[in-house]
Amino acid sequence: MDPAVALIRTTLNAAALAAPGLAGRAAFELYRHPLRRGRVRTRERAVHDRAATRTLRHRGERVVVQRWGDGDRPVLLMHGWQSRASRFADFVPRLRGLGLTAVGYDLPGHGDSGGRTATVLDHRAIALRLQEEYGPFEAVIAHSLGVNAAFLALREGLRAGRLAAVAGVGEISWLPAGFCAALGLNATVERELRRRVESGAMFPGIADVRAHFDATRDPEEIALPILVAHDEDDDVVPFDQARRLRAAYGERLELLATRGLGHRRILTEPTVIDNVIGFLSAGTGAGAGAGAAAGTGTAAGAAAGAA
């Protein structure tokens with residue numbers, strides 16, 4: 001076990017017995033700050049180093065933006081918590097093969113960007129800022145918390161032809177429970193943390209945090225085709241989050257269920273990448289053969305290929 005995680009668990013669980021409010025406040029601060037920054041992995045390095053990199057300012061912080069391509073026919077990449085744009089490295093050459101430009105960024109407090117805190121509102125703001133530069137996106141590919149941010153941004157002005165959502169968080173109200181489970185924090189800490197998150201301390205001016213950030217609300221507001229890829233054995237974001245999205249969006253959403261990949265390896269699994277690229281190529285007018293060996297596939301086929 002990570003010694004830092006063990007210390008947090010022991011300290012906050014013990015504090016909750018005598019001072020639950022204090023423990024909840026400490027958990028809230030941890031919740032807002034990524035515990036670690038994702039580093040560029042060896043398998044990502046070559047793609048990462050080929051990116052055209054620049055920075056923009058957001059909330060006074062430096063945000064690193066990476067682009068693979070000349071800017072024509074852009075696809076936006078939205079990473080997850082404690083992650084970074086380079087996690088989409090396996091998608092980049094396939095997107096370039098379709099004549100698409102991949103545009104990613106490291107959220108504040110993540111990767112090579114500055115800052116220490118971030119929320120889905122920062123994701124949304126940066127996505128809309130990049131749209132001003134690149135115009136409407138051919139598609140969005142998002143992972144984990146980036147999925148929730150993508151749905152929010154699409155409701156609030158982001159324009160895209162398709163959405164590929166991988167291992168995504170559908171309802172933000174699940175996050176305090178997921179955070180506490182990952183750290184082994186008890187029910188008292190979770191209750192106090194949830195109270196702060198949903199009371200407006202994190203999102204001032206938003207009266208109903210649960211409803212506002214729920215990706216399943218008002219599905220008619222998001223009219224584009226959606227592909228959701230999620231592993232049944234995901235140990236970070238439960239597969240039930242994908243089921244909720246499928247129930248809300250119906251036939252407009254294709255659910256790709258895999259097994260044995262978990263939360264992170266699903267981003268590098270060739271079968272999943274084939275299906276995402278096939279899904280995007282159907283929207284760009286490119287032949288499936290140009291980008292995907294497997295085409296759009298079915299949930300059963302993806303699961304068999306990934307098992």
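This is a predicted model: local features need pLDDT of at least 70, side-chain atom pairs count only at pLDDT 80 or more; totals for chains, interfaces and linings use all residues.
I started with helix 2 and helix 8, and their crossing is right-handed.

Residues are numbered from 1 along each chain as its sequence is written, and side-chain values use heavy atoms, with hydrogens and water left out.

Back to the pair: helix 2 (residues 20-32) and helix 8 (residues 187-198) pack at about 65°, with axes 8 Å apart. (Axes are lines fitted to C-alpha atoms, for helices over the stretch in contact; angles run from 0 to 180 degrees between N-to-C directions.) I looked up who meets whom: on the helix 2 side I found Phe 28 and Tyr 31, among others, and on the helix 8 side residues including Leu 193 and Val 197. Contact here means heavy atoms within 4.5 Å.

I found 8 strands in an open sheet with mixed pairing, in the order 1-2-4-3-5-6-7-8. (Two strands pair if DSSP finds at least two bridges between them.) Strand 1 (52-58) and strand 8 (253-258) stand at the edges with a single partner strand each, so one side of each has no neighbour in the sheet. The twist averages 20° from one strand to the next.

I then picked strand 4. Strand 2 (residues 61-68) pairs with strand 4 in the antiparallel sense over 4 bridges, and Gln 66 stands opposite Gly 104. Strand 3 (residues 74-78) runs parallel to strand 4, also joined by 4 bridges, with Pro 74 opposite Thr 101.

Which residues of strand 4 point which way? Thr 101, Val 103 and Tyr 105 go one way, Ala 102 and Gly 104 the other, and all are buried. (Buried is under 20% relative accessible area, exposed over 50%, partly exposed in between, with a 1.4 Å probe and protein chains only.) In a regular strand the side chains alternate between the two faces of the sheet.

Last stop, Thr 119, in the loop between strand 4 (101-105) and helix 5 (120-134). Buried or exposed? Thr 119 is buried, because its relative accessible area is 16%. Beyond its neighbours within four places in sequence, Thr 119 is in contact with Leu 107, Met 202 and Phe 203.

Key. Helices (H or I, at least four residues) and strands (E, at least two) are DSSP runs, numbered from the N terminus. A crossing is left-handed if the near helix is turned anticlockwise from the far one by less than a right angle, and right-handed if clockwise.
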